Amino acid sequence: MVNILPFFMGQEGMSQMGVGMAIAASMVVLSMFQQFLLTHLRGYIEWFIGKLFKSMDPNVKIRFTEDSMDGSGPRNHEAYSAVETYLSAKCAAQAPSLKANSVRDVRNPVLCVDVGEGVSDEFNGVKVWWSLVEEQGDSYCVSRKKRYYALKFPKRKRDTVVGEYLGHVMDEGKAVAARNRQLKLYSNTSTRDGDYWNCIRDFNHPAKFETLAMEEERKEDIIDDLIRFSAGREYYRRIGKPWKRGYLLHGPPGTGKSTMIAAMANLLSYDVYDLELTAVQSNADLKRLMNRIPCNSILVIEDIDCSSEITNQREKNNQGDKGARRTQEEVTLSGLLNCIDGLFSASDGGILMVFTTNHVELLDKALLRTGRMDKHIEMSYCGFEAFRILAKNYLGIEEHELFGRIEELFKESRITPADVAEELIARSGIGEDRGGEDCLNKLIQVLEEKQREEAEAEAEAEAGENGECK
Ligand SMILES: Nc1ncnc2c1ncn2[C@@H]1O[C@H](COP(=O)(O)OP(=O)(O)OP(=O)(O)O)[C@@H](O)[C@H]1O
C-alpha cells in the first residue's frame, strides 16, 4: 500500500502529528498513574484513618462467628452456640425484635436477637454490649452470608471481660443448653454379640420435686444434695475422686421411688440409663455397659433385691452354697461392686447411680456402704404433709374442713401415696367424675376401712399370742 499522508500533510505536518501523539500517550500514562496512585493513596488513607479511629475508640470488639468459613473449625461454632444460648435469656427480656430457632435435641426453641439488634449485659460491675451482625460472604461465595455475634466492652475492662466474663458466658451457655436438652431413656439389650444400650424413647416424665409427695424438709435436703453434686466439678477434681454419687431409695411399693428418679432426671437434665440387671449375661458385659454410660446421666438399677445373685451373696458364699456353682456367665455381687467402683466419669459432668429396693434388709452390706450408695432415702407411707401436696396436685385444694379428720386418720393408718393418689385422681376425668369434696370423703372412708382392718389384725395377733401362752 502507498503511504499518501506525507503527500497531503507535508513534512511539517507529520512532525506536528508525532508531537501530538506523544502528548496524548503521556496524558494516558499520567491519568493511569494518577488513578493507580489515587486508589492506593485512598486505601492507605482509609487504613490510616481507621487505625486512628480505632486507637481513639475506648471500646474493644470481639467476634464470635457462626461457622468455620474462616477455617477456625468446629470449636468456633461451639463458642457461637454457647453465646447464642447464653444470650437467649437476656434477649427475651430486652431485645425489641427476636428470632426463635428450633435446635435439634432441644425441647424449647432458642430465642435470639435479630440481625442488627443488640442486648446489654453486666458482669462484676462491667457493662458489655452484644449485637448480631450479618456480612456479605467473600468473593468466592457472595450468596453465603456470614454472621457473627459482636461483643463490645470498655478497653480498660479487658482483664475482667477476657479473663472472667468470657469463661462465664461459655459455662453458662453450655449449662443452659444442657438444661434445655431433650432427655432420653436408654435400656440394656442383650444379643448374641453382647449387651448394649438402646435408646427406647424421649424421656418426658412430668414428675417434679414440687409435685412429689414428701415432707418439705426432706425434699429440700435431697434437692440441695443433687444440685451440689451436679455443680461439683471443682470439688471432685480437688479431692481426686470420680464425679459420681450413689442413691438408695428403699420403701414399700407405691411410695414414689420411680417418681423420685424421674424428678431427679428432670431436675438435673440427665438422661436415664435403666439397667435391667437380670438381663445382663456376665460380669464382662456389665462392665462394658457401665463403661458406656456418658457423663450427665443417671444409672438406674430398680429392685436390686430381685437379682438373686446380688442379695446377701457374701453370707451365701460363707455358707458355701453358691460359690461352687458360680460360673463366668452370670453377674455376681463382686462383679457389680467392681463395676460400681470402676464407674468413671470425665470432668465434663457427673454420673448419678440410683438403686431401688422394697427390701433393704436383703441387700449385702458391701453394696450399702458409702462410696457405692452414699445417700439412703426411705420412701415411706403417706403422711399428712405429703397428702397435702397430693390434694393440691390432684384437686387443687390447699385447705378444707375435712383435712382435720384426714390428719387424725393418717396418724393411725398406713397408706401409700400411690393409693392416696388413686382416690384423688377420679376427679380428673378418669373413672367417674367426682367433686373434690367427694374425693376427700372417699379417702376418709378408705382410711377408716384400713384402720378397722389394722385393728382387727392386731386383735387377732394378740388373741393368737394369748392362746399360745395358755
Ligand atoms: N411420693 C409420691 N408423690 C407423688 N406421687 C406418688 C408418690 N408415690 C407414688 N405416687 C404415685 O403413685 C404411682 C406409683 O408410684 P411409683 O411407681 O413411683 O412407686 P414405687 O415406689 O416406684 O413403686 P414400686 O416399688 O412398685 O416400683 C405414681 O405414678 C405416682 O402417681
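A residue is buried if 20 or more other C-beta atoms lie within 10 Å of its own, exposed if 12 or fewer, and partly exposed in between, with C-beta atoms placed from the backbone. Keep that rule at hand for the tour.

This is a predicted model: local features need pLDDT of at least 70, side-chain atom pairs count only at pLDDT 80 or more, and totals for chains, interfaces and linings use all residues. Residues are numbered from 1 along each chain as its sequence is written.

**Stop 1**

Select Thr332. It lies in the loop between α8 (313-319) and α9 (333-342). Helices (H or I, at least four residues) and strands (E, at least two) are DSSP runs, numbered from the N terminus. Is Thr332 buried or exposed? Thr332 counts as buried because it has 21 C-beta neighbours inside 10 Å.

**Stop 2: the whole chain**

Zoom out. The protein chain has 14 helices and 13 strands. Of its 470 residues, 24% count as buried. Next, think about contacts. Two residues are in contact if their C-beta atoms, placed from the backbone, lie within 7 Å. Take the contacts with a separation of 6 or more: residues 24 or more positions apart account for 70% of them.

**Stop 3: the four-stranded sheet**

Select β1, β6, β5 and β4. In that order they form an open sheet with antiparallel pairing. Two strands pair if DSSP finds at least two bridges between them. β1 (59-65) and β4 (118-123) stand at the edges with a single partner strand each, so one side of each has no neighbour in the sheet. Neighbouring strands here are turned by 25° against each other on average, direction ignored. Axes are lines fitted to C-alpha atoms, for helices over the stretch in contact, and angles run from 0 to 180 degrees between N-to-C directions.

Go to β5 (residues 126-135) and β6 (residues 146-154). Seven bridges join these antiparallel strands. Trp130 stands opposite Leu151 in β6. Then show helix α3 (residues 158-180). It packs on the sheet and touches β1, β4, β5 and β6. Its direction makes about 70° with that of β5.

**Stop 4: the seven-stranded sheet**

Select β7 to β13. What is the order of the strands in this open sheet? It is β8-β7-β10-β11-β12-β9-β13, with mixed pairing. The edge strands are β8 (194-202) and β13 (375-378), and each pairs on one side only. Helix α7 packs on the sheet, touching β7 and β8, and its direction makes about 40° with that of β8.

Walk across the sheet. β7 (residues 184-191) and β10 (residues 271-274) run parallel, joined by three bridges. Leu185 has Val272 in β10 as its bridge partner. From β10, step to β11 (residues 297-301): four bridges pair the two in the parallel sense. Tyr273 stands opposite Leu299 in β11. The chain goes from β10 through helix α7 (residues 283-291) to β11, and this β-α-β crossover is right-handed. Right-handed means that, with the strands pointing away from the viewer, the path from the first strand over the helix to the second runs clockwise.

Keep going to β12 (residues 351-357). Five bridges join β11 to β12, and the two run parallel. Ile298 is bridged to Leu352 in β12. On to β9 (residues 244-250): it pairs with β12 in the parallel sense over seven bridges. Gly246 has Met353 in β12 as its bridge partner.

Why is β12 largely enclosed by the rest of the structure? Because seven of its seven residues are buried. Ile351, Met353, Phe355 and Thr357 point one way from β12, while Leu352, Val354 and Thr356 point the other way.

**Stop 5: the nonpolar cores**

A nonpolar core is a set of buried Ala, Val, Leu, Ile, Met, Phe, Trp, Tyr and Cys residues joined through C-beta atoms within 7 Å. In soluble globular proteins, nonpolar side chains tend to be buried together. Select Met264, Ala265, Ile298, Val354 and Leu390. Of the 61 residues in the largest nonpolar core, these touch the most other members. This core draws at least three residues from each of domain 2 (184-378) and domain 3 (384-469). Domain bounds come from an automatic or database domain assignment.

Centre on Leu390. Leaving aside neighbours within four places in sequence, Leu390 is in contact with Ala213, Pro417, Val420, Ala421 and Leu424. Last, select Phe64, Cys112, Tyr148 and Phe153. They are among the members of a second, separate core of 20 residues.
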